[in-house]
Amino acid sequence: VSVPTLDRLQRPLRDLRISVIETCNFRCPYCMPEDRYPQDEIGDRAGRLDFDEIERIARAFAQTGVRKLRLTGGEPLLRRGLPELVARLVRIAGIEDLALTTNGSLLARHARALREAGLQRLTISLDTLDPERFHQLSGGRGELRDVLDGIVAAEQAGFGSIKFNCVVQRGENEDDVLALVDQFHGTGHV
C-alpha cells in the first residue's frame with residue numbers, strides 16, 4: 001500500500017451515498033443497458049434494506065463523522081415512501097446535508113413532498129435537451145418533457161440551486177453540451 005493511499009484511509013469519511021433501490025425506469029446504454037440488465041434480473045424488495053435499516057446505518061456513519069448523505073439508486077424516486085425516509089434522515093444528529101440524485105422523470109410528482117420532508121439538494125442527470133436523443137439515450141424509456149416538468153416542480157418547491165450531471169459521449173451527445181449550458185446559464189443551477 002502506498003503512502004498516499006494510507007493517508008487517504010486515515011482521513012475521516014464525511015460523505016456517504018446510500019442506494020435506496022436498485023431498479024431504474026430508464027435503460028441508459030452507459031449505465032444500465034437493457035441487454036445486460038433485463039428487468040426480471042434486477043433485485044427485488046426482499047433484498048432491499050428497509051427504512052429502519054437505512055436509518056440505523058446512517059446513524060452509525062453520522063457517529064463516525066459523516067455529515068453529508070446522498071440518496072441514489074437505480075432511480076430513487078421509484079422507492080415507495082421516499083419522503084418518509086428523507087424526514088427520518090434529516091433528523092439524525094450530525095447530518096448537515098441531505099441530497100438526492102435522480103433522472104428527474106418522476107420529480108414533478110415528488111418534488112414538493114421531498115422538499116417538505118427536508119431534502120436540501122437535488123442532482124438531476126440530464127444528457128441532452130433534444131427530445132428524440134433523450135428518448136434514445138434513456139434506452140427508449142424516457143421523455144424529456146417529464147424531466148423538464150420535474151425541474152419546474154423542483155424550482156416551485158423551493159430547490160434553488162439544482163446540480164445537473166451530463167454524461168458526454170463522443171458520437172452521441174457531445175454537440176448537446178452547449179445547449180445544456182445555455183439552458184441553465186443565469187438560473188443559479190450548476
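Let me begin with a definition: a crossover is right-handed if, with the strands pointing away from the viewer, the path from the first strand over the helix to the second runs clockwise. The elements themselves are DSSP runs, helices being H or I with at least four residues and strands being E with at least two, and they are numbered from the N terminus. With that in place, β2, helix α3 (residues 82–90) and β3 make a right-handed β-α-β unit.

Now the provenance. This is a predicted model, in which local features need pLDDT of at least 70 and side-chain atom pairs count only at pLDDT 80 or more, while totals for chains, interfaces and linings use all residues. Residues are numbered from 1 along each chain as its sequence is written, and side-chain values use heavy atoms, with hydrogens and water left out.

The overall inventory is 7 helices and 5 strands. Along the sequence the pattern reads α-β-α-β-α-β-α-β-α-α-β-α. Of the 190 residues in the protein, 41% are buried. Buried here means under 20% relative accessible area, exposed means over 50%, and partly exposed is in between, using a 1.4 Å probe and protein chains only.

Next, the strand pairing. Two strands pair if DSSP finds at least two bridges between them. β1 and strand β2 (residues 68–72) run parallel and are joined by 5 bridges. Leu16 has Leu69 in β2 as its bridge partner, and Ser19 has Thr72 in β2.

From β2 we go to β3. These two strands also run parallel, joined by 4 bridges, and Leu71 has Leu100 in β3 as its bridge partner. β3 in turn pairs with strand β4 (residues 121–125) in the parallel sense, over 4 bridges. Thr101 stands opposite Thr123 in β4. Between β3 and β4 the chain passes through helix α4 (residues 107–117), and this β-α-β crossover is right-handed. Finally, β4 and strand β5 (residues 163–165) run parallel with 3 bridges between them, and Ile124 stands opposite Phe164 in β5.

That residue takes us to the aromatic rings. A pair of aromatic rings is described by the distance of the centres and the angle of the planes. Rings of Phe, Tyr and Trp (its six-membered ring) pair if their centres lie within 6.5 Å; planes under 30 degrees apart count as stacked, over 60 as edge-to-face and the rest as tilted. How many aromatic pairs does the structure hold? There are 2.

One is Phe26 with Phe134, which is edge-to-face at 5.9 Å centre to centre and 85 degrees between the planes. This pair links distant parts of the chain, since Phe26 sits in the loop between β1 (15–19) and α2 (51–63) and Phe134 in helix α5, 108 residues apart. Phe26 is buried at 4% relative accessible area, and Phe134 is buried at 5%.

The other is Phe164 with Phe184, which is stacked, with 4.0 Å between centres and 20 degrees between the planes. Phe164 lies in strand β5 and Phe184 in helix α7 (residues 177–184), so the pair ties together parts that are 20 residues apart in sequence. Both Phe164 and Phe184 are buried.

Gly140 is in the loop between α5 and α6 (144–157) and is partly exposed, at 37% relative accessible area.

Last, the pocket. On a 1 Å grid over the protein atoms alone, a cavity is a set of points where a 1.4 Å probe fits but cannot get out, and a pocket is an open set with protein on both sides within 12 Å along at least five of seven lines; lining residues have an atom within 4 Å of a point. Grid points are joined across faces, edges and corners, and a volume is the space filled by probe spheres set on the points. The largest pocket has a volume of about 460 Å³. Its lining has 22 residues, of which Cys28, Tyr30, Cys31, Asn103 and Ser125 lie nearest the centre. The elements giving two or more residues to that lining are β3 (97–102) and α5 (131–137).
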